[in-house]
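Dear colleague,

Please find below the structure that I am handing over to you. My notes on what was found in it follow directly after.

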Amino acid sequence: LLNLLRYLQQVATMASVTYSSTRGGQKNLDFRSVVMTGLAHDRGLFVPDSMPSVTPEEVESWRGLSYADLAVNVISKFVKEDQVPADKLADIVKRSCAAFRHEDVTPVVDVAGHAVLELFHGPTFAFKDVALQMLGNFFEYFLETGSNGGRLAVLGATSGDTGSAAIYGLRGKKGIDCIILFPRGRVSPIQERQMTTVEDSNIHCVAVEGTFDDCQDLVKASFNTPKFRDRVKLGAVNSINWCRVLAQTTYYFWSYLRVTDKAELKDKPVGYSVPTGNFGDILAGFYAKQMGLNVGRLIVATNENDILHRFFTKGEYHREPIAKSISPSMDICVSSNFERYLHFLAGNDSEKLAGWMKTFETTKKLDISGELLQKAQSHFSSARADTKMTLEVIKEYNDKHNYVMCPHTAVGVSAIHQLGEVNSAMVCLATAHDGKFPAAVKQAIDPLPDAPKQLAVLSELPTRVSDCANDLKTVQDFLEKRIAERIAAQA
């Protein structure tokens, strides 16, 4: 019996984590399936059925590793040989990291008494490059090894950074068409040009009249149209795709080790302030903490579109109209990834969560109070920074510390000042390069520093973009037409 138990334990450690929908409609899917499926068929999001654990000793043993080798160790906690062979996983991760301009991939720097995790050294100068380089390479591997008959139509919505990062991760990939919806006039000019100047035939940029939430609703509705979804082999690049969140956990482990490289901070908990719109970035930090990483305070930092701040301070998750801000990637009124956290808050009870989401979708309101609100507040703190506060931070850090940040990063920095959390064990996530938002930054810094040459040349390149009405059938017809035209041209 003892030998049998040992054998079963060994088998369990060799098997990959499985995933189920937050709403209970799909259970025990493997990693390949959830990556290729994206959004669950019951409109829920996939969450791990079990959370792998790491010990302090194990994390310490990773201290001398490169970013890529560390990431392989973290991801392999979820993805074993039964899903991706170890040598192939290492190849996928290392090729993804090789796309970054900095040898540390996501370097940690000390500024003004706290740390900054610079996540903007990838191809599109935004944090989403970390996950989307990996997701593109996972897609490619799964298609090459039998998934979907070798075809995938990726449909994504962007408030600015996801679109270009997805495009740079998927451009030229065999068997993949990438269709990105963005709200006309609601992304920065540079963000738009990063998308529309890519000439690869498998990339299709679509401007939609409306907001990011309208674009996101079109994506979700397409996944909830079974005949269309199955006919075009629909896939997701937004952070509804579990692979995005998993990849982002890696830089929490990396930054924790870099902060605690200092002898005086060894074994101390490390806190994080995260500029937050769709909740995926900070959710990755929450999952890293659940795995056993010594994470301290997690701060949700919002701009004027503060549905998450209202939830964590008052227990009110109420949908309100979007306010256009200088940090457009956070101009979101419903946070897609928040459902994953609500599932956790509901005690992983899919029936309870489904009831909450039905209430929210019907009334545009979800309220919690008492012990449930206290539990949420024990997991996350929050703060809100409006345009005035954001510009003040950008100006102060440039004037006093010679450090320039984008408006989203400034929201996260403002939050630690508001909450009295400026200390050497607090990390602010720098989610994008300031050069992507010159109009906003110039309101605080004039003249502007020179933009990176990769961004400066965008204004000289030809663009390619299509316009679509904010209508589901119009978008779906466009997608099918573009795919058919591309396939015909290649025949």
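The lining of the largest pocket comprises nine nonpolar, four polar and nine charged residues (Ala, Val, Leu, Ile, Met, Phe, Trp, Tyr, Cys and Pro count as nonpolar, Asp, Glu, Lys and Arg as charged, and the others, Gly among them, as polar). This is a predicted model, in which local features need pLDDT of at least 70 and side-chain atom pairs count only at pLDDT 80 or more, while totals for chains, interfaces and linings use all residues. Residues are numbered from 1 along each chain as its sequence is written, and side-chain values use heavy atoms, with hydrogens and water left out.

The largest pocket holds about 400 Å³ of space. Among its 22 lining residues, Asp217, Lys220, Val334, Phe360 and Glu361 are the closest to the centre. Helix H9 (212-223), helix H14 (338-345) and helix H15 (350-363) each give two or more residues to this lining, and H9 supplies the largest share, five residues. Helices (H or I, at least four residues) and strands (E, at least two) are DSSP runs, numbered from the N terminus.

There are also two cavities of 30 Å³ or more. On a 1 Å grid over the protein atoms alone, a cavity is a set of points where a 1.4 Å probe fits but cannot get out, whereas a pocket is an open set with protein on both sides within 12 Å along at least five of seven lines; lining residues have an atom within 4 Å of a point. Grid points are joined across faces, edges and corners, and a volume is the space filled by probe spheres set on the points.

The largest cavity has a volume of about 270 Å³. Of the 22 residues lining it, Phe127, Lys128, Gly277, Asn278 and Ser329 lie nearest the centre. By class, this lining divides into six nonpolar, 12 polar and four charged residues. The second largest cavity contains about 60 Å³ of space, and its lining includes Arg186, Phe212, Pro328 and Asp331.

Ser329 and Pro328 are also among the residues that His408 touches, as are Pro275 and Phe437, not counting residues up to four places away in sequence (contact means heavy atoms within 4.5 Å). His408 belongs to helix H18 (residues 407-418) and is buried, with a relative accessible area of 2%. Buried means under 20% relative accessible area, exposed over 50%, and partly exposed in between (1.4 Å probe, protein chains only).

Pro275 is in turn part of strand S9 (residues 270-275), which is largely enclosed by the rest of the structure because six of its six residues are buried. S9 pairs with strand S10 (residues 295-302) in the parallel sense over five bridges, and Ala301 is the bridge partner of Pro275. Two strands pair if DSSP finds at least two bridges between them.

A nonpolar core is a set of buried Ala, Val, Leu, Ile, Met, Phe, Trp, Tyr and Cys residues joined through side-chain atoms within 4.5 Å. The largest has 114 residues, of which Phe31, Phe139, Phe253, Tyr272, Phe279 and Tyr341 touch the most other members. Helix H11 (residues 242-259) gives the most to this core, with 12 residues. A second, separate core of 31 residues includes Phe120, Ile326, Ala410 and Val441.

Yours sincerely
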